[in-house]
Amino acid sequence: MFFIFLIGTRFVTWGSEPSGQQMRCGKCGTVAEFINKKGMRFITFFFIPVIPAGGTQHLLQCPTCGTRYHAR
Ligand SMILES: [Zn+2]
């Protein structure tokens with residue numbers, strides 16, 4: 001039971017490059033150039049990400065509301 005408080009997972013994102021393509025956000029309806037980000041899930045120990053879990057994911061983030069979409 002104690003370990004639940006020590007070990008968890010967190011999705012960490014980094015990078016912010018212009019994607020160079022106009023997209024329409026499905027949440028807020030903004031049509032704008034989305035931001036390219038990379039993300040990876042980490043296993044956290046004492047709330048610090050230490051072990052990568054799964055591969056790198058490419059994300060597109062809405063510049064207005066911050067909603068992230070998985071890029072293909
Ligand atoms: Zn949006």
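This is a predicted model: local features need pLDDT of at least 70, side-chain atom pairs count only at pLDDT 80 or more; totals for chains, interfaces and linings use all residues.
Student: What makes S1 and S2 paired strands?

Tutor: Two strands pair if DSSP finds at least two bridges between them. Strand S1, residues 7-24, and strand S2, residues 31-45, share 13 bridges in the antiparallel sense, so they count as paired because the cut-off is at least two bridges. In one of these bridges, threonine 13 has glycine 39 of S2 as its partner.

Student: How do you know that S2 and S3 pair?

Tutor: The reasoning is by the cut-off of at least two bridges. S2 and strand S3, residues 48-61, are joined by ten bridges, again antiparallel. Therefore they pair under the definition. Glycine 39 has glutamine 57 as its bridge partner in S3, and lysine 37 stands opposite leucine 59 in S3.

Student: What lies between the strands in the hairpin of S1 and S2?

Tutor: Six residues lie between those strands, and glycine 29 takes a positive phi near 85°. The hairpin of S2 and S3 has two residues between its strands, and phenylalanine 46 in that turn has a positive phi of about 55°.

Student: What is the order of the strands in the open sheet?

Tutor: The four strands run in the order S1-S2-S3-S4, with antiparallel pairing.

Student: Why is one side of S1 and of S4 left without a neighbour in the sheet?

Tutor: S1 and strand S4, residues 68-70, stand at the edges and have a single partner strand each, so one side of each lacks a neighbour in the sheet. From one strand to the next, the twist averages 40°.

Notes:
Residues are numbered from 1 along each chain as its sequence is written. Axes are lines fitted to C-alpha atoms, for helices over the stretch in contact, and angles run from 0 to 180 degrees between N-to-C directions.
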